[in-house]
Amino acid sequence: MNSKTDIERLENGEASQGKDLIGLPGPDADLFFNSSTVASRFLQAELELNARLRTLSFGKLVRYTYNPLEYAWDTHRCYVETYCQEGQSVLFLGMNPGPFGMAQTGVPFGEVKAVRNWLKITGAVGRPADEHPKRRITGLDCTQSEVSGARFWGFFQQLCGEPHNFFRHCFVHNLCPLIFMSESGKNLTPPELPAAERDALLSCCDSALCQVVTALGVSMVVGVGKLAEQRARRALSEAGITVRVEGIMHPSPRNPLANKGWANIARDKLDNLGVLSLLTR
């Protein structure tokens with residue numbers, strides 16, 4: 001019988017081999033996580049979300065589901081413990097991972113070069129139990145760049161210089177940690193799922209977002225893209241959490257406007273929101 005705790009198995013990367021982790025923070029997790037820190041409360045909320053997501057099922061449209069909060073827990077935890085801290089006032093919120101970003105690195109908008117070279121994230125990345133042959137997980141060795149992530153982190157690197165200058169005020173998170181693919185390997189976003197499956201999924205993610213916002217104590221959530229902005233506004237309002245919700249354009253190459261100069265558009269919007277001044281002083 002395997003007597004390892006879920007936390008030990010996550011630390012050892014065993015989730016990547018398809019092990020069934022409960023993910024809920026029980027007594028062992030309470031000992032492992034010091035709940036007095038923002039980072040530990042954030043990670044506990046994510047483990048709880050993992051447990052809820054594991055109870056969901058998806059129909060024929062979704063052939064593959066990856067959860068980097070399991071197989072890439074090592075690098076994700078490195079990101080959270082390094083950069084999630086007291087005093088942050090702004091949470092940038094994406095929707096869900098891309099196949100060459102967070103799916104590979106465990107970091108939101110996690111384009112590999114940015115994660116490895118600027119954020120200096122380290123750790124082992126395993127693999128999901130069932131992989132699409134065209135969407136293999138190679139972790140920090142992935143050679144394909146994600147345009148959205150390169151634009152997002154590249155913008156803040158140019159603006160802030162050092163990661164500390166960004167993270168002393170801001171943190172970055174995804175509403176949903178799962179990536180969905182069809183039989184062909186086509187990326188499916190949560191809004192593209194059948195209504196019942198989408199609603200069950202987003203209900204879990206909404207609850208987790210409320211936990212995260214409460215744990216962080218931020219005063220503003222900035223949705224990256226309309227979908228994330230709208231979902232955050234709805235979830236936080238329904239939960240009675242008083243926080244300002246705004247949005248910036250998503251840097252996706254599928255957005256023609258983003259291809260015409262996303263950095264300038266984002267800069268102007270962040271200036272209007274009063275966020276730019278936090279990052280440049």
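# Briefing: cores, pocket, cavity and strands

Lys 120 is found in the loop between α7 and α8. The structure is a predicted model. In this model the largest nonpolar core has 74 residues, the largest pocket holds about 660 Å³ of space, and a search of the whole structure finds one cavity of 30 Å³ or more.

**Loop residues**

- Lys 120 has a positive phi, near 60 degrees, although the residue is something other than glycine.
- With a relative accessible area of 57%, Lys 120 is exposed, because exposed means over 50%.
- Phe 109 also has a positive phi, of about 55 degrees, and is not a glycine. Its place is the loop between α6 (102-105) and α7 (112-118).
- Phe 109 has a relative accessibility of 8% and therefore counts as buried, the cut-off being under 20%.
- Thr 189 sits in the loop between β5 and α10. At 18% relative accessibility Thr 189 counts as buried, as the value falls under the 20% limit.
- Leaving aside neighbours within four places in sequence, Thr 189 is in contact with Asn 96 and Arg 254.

**Nonpolar cores**

- In the largest nonpolar core, the residues that touch the most other members are Tyr 79, Phe 92, Trp 153, Phe 156, Phe 166, Phe 171 and Val 221. Helix α10 (residues 195-216) gives the most to this core, namely ten residues.
- Another core, of eight residues, lies apart from the largest one. Tyr 64, Tyr 66, Tyr 71 and Ala 103 are among its members.
- Not counting residues up to four places away in sequence, Phe 92 touches several aromatic residues, including Phe 152, Phe 156, Phe 166 and Phe 171. Others touched by Phe 92 include Cys 170, Val 172, His 173, Val 222, Val 224, Ile 248, Leu 270 and Val 275.

**Largest pocket**

- The space in the largest pocket comes to about 660 Å³. The pocket is lined by 26 residues, and Ser 148, Asn 187, His 250, Ser 252 and Arg 254 are the closest to its centre.
- Two or more residues of this lining come from each of the elements α8 (147-160) and α11 (226-238). Of the elements, α11 gives the most, with three residues.
- By type, the lining of the largest pocket has eleven nonpolar, eleven polar and four charged residues.

**Largest cavity**

- About 110 Å³ of space lies in the largest cavity. Its lining is made of 18 residues, and those nearest the centre are Glu 46, Leu 49, His 173, Asn 174 and Leu 175.
- The elements α3 (38-53), α5 (73-83), β3 (170-174) and α10 give two or more residues to this lining. Helix α10 gives the most, with four residues.
- The lining of the largest cavity divides into 14 nonpolar, three polar and one charged residue.

**Strands and sheets**

- Three strands form an open sheet in the order β1-β4-β5, with antiparallel pairing. The edge strands are β1 (64-66) and β5 (187-188), each of which has a single partner strand, so one side of each is left without a neighbour in the sheet.
- Strand β4 (residues 179-181) runs antiparallel to β5 and is joined to it by two bridges. Phe 180 has Leu 188 in β5 as its bridge partner.
- Strands β6 (residues 220-224) and β7 pair in the parallel sense, over five bridges. Met 220 stands opposite Arg 244 in β7.
- Strand β7 (residues 244-248) has five residues, four of which are buried, so the strand is largely enclosed by the rest of the structure.

**Cys 204 in helix α10**

- Cys 204 lies in helix α10. Its relative accessibility is 12%, so Cys 204 counts as buried.
- Cys 204 and Ala 51 are 153 residues apart along the chain, and their C-alpha atoms are separated by 9.9 Å.
- Neighbours within four places in sequence aside, Cys 204 is in contact with Leu 49, Arg 52, Leu 53 and Leu 56. Of these, Leu 49 is also one of the residues nearest the centre of the largest cavity.

Technical notes
Residues are numbered from 1 along each chain as its sequence is written. This is a predicted model: local features need pLDDT of at least 70, side-chain atom pairs count only at pLDDT 80 or more; totals for chains, interfaces and linings use all residues. Side-chain values use heavy atoms; hydrogens and water are left out. A nonpolar core is a set of buried Ala, Val, Leu, Ile, Met, Phe, Trp, Tyr and Cys residues joined through side-chain atoms within 4.5 Å. Buried means under 20% relative accessible area, exposed over 50%, partly exposed in between (1.4 Å probe, protein chains only). Contact means heavy atoms within 4.5 Å. On a 1 Å grid over the protein atoms alone, a cavity is a set of points where a 1.4 Å probe fits but cannot get out, and a pocket is an open set with protein on both sides within 12 Å along at least five of seven lines; lining residues have an atom within 4 Å of a point. Grid points are joined across faces, edges and corners, and a volume is the space filled by probe spheres set on the points. Ala, Val, Leu, Ile, Met, Phe, Trp, Tyr, Cys and Pro count as nonpolar, Asp, Glu, Lys and Arg as charged, and the others, Gly among them, as polar. Two strands pair if DSSP finds at least two bridges between them.
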